[in-house]
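Here are a few exercises to work through with a viewer open. Try each task before you read its solution.

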Amino acid sequence: QVQLLESGGGLVQPGGSLRLSCAASGSIFTLNYMGWYRQAPGKERELVAAITSGGSTNYADSVKGRFTISRDNAKNTVHLQMNSLKPEDTAVYYCNADVLTRSRSLDNYWGQGTQVTVSS
């Protein structure tokens, strides 16, 4: 079993910054793809940013130039640095990962989510 635990959400004013972190633990052999998704009220969950085990990244157009995804393979963590936040960034942010477990099963896992609210 693998757990993803997000942290770093909160309330921030427009133009402010937050840094989200996601720590993976459990029966991990390797972490492959890792990503951040978000879901605003009444909207579908959408990909925000993703990073491969080799460090290749991709971003939603709406966050390019403002958000940066990074990972620490030694610590099984992924981060999302969010700058110049806008009210439309308000959502629950979820960590997602493809994990090769110690039993050599490749599975996809979700965290429970962390709330980000951008408001004055």
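Predicted model: local features only at pLDDT ≥ 70, side-chain atom pairs only at ≥ 80, totals over all residues.

Residues are numbered from 1 along each chain as its sequence is written, and side-chain values use heavy atoms, with hydrogens and water left out.

**Exercise 1.** Count the helices and strands of the protein chain.

*Solution.* Start with the DSSP runs: helices are H or I of at least four residues, strands are E of at least two, numbered from the N terminus. The protein chain has 0 helices and 11 strands.

**Exercise 2.** Find the strand order in the open sheet of 4 strands.

*Solution.* First, let two strands pair if DSSP finds at least two bridges between them. The order is then β1-β3-β8-β7, with antiparallel pairing. Next, look at the edges: β1 and β7 each have a single partner strand, so one side of each lacks a neighbour in the sheet. Finally, check the pair β3 and β8, which is antiparallel over 6 bridges; Ala-23 stands opposite Thr-77 in β8.

**Exercise 3.** Identify the residues that touch the most other members of the largest nonpolar core.

*Solution.* Collect buried (under 20% relative accessible area, 1.4 Å probe, protein chains only) Ala, Val, Leu, Ile, Met, Phe, Trp, Tyr and Cys residues joined through side-chain atoms within 4.5 Å. Of the 31 residues in this core, Trp-36, Leu-80, Met-82 and Tyr-93 touch the most other members. The largest share, 5 residues, comes from β9.

Note on methods
Buried < 20%, exposed > 50% of the residue type's maximum accessible area, 1.4 Å probe, protein only.
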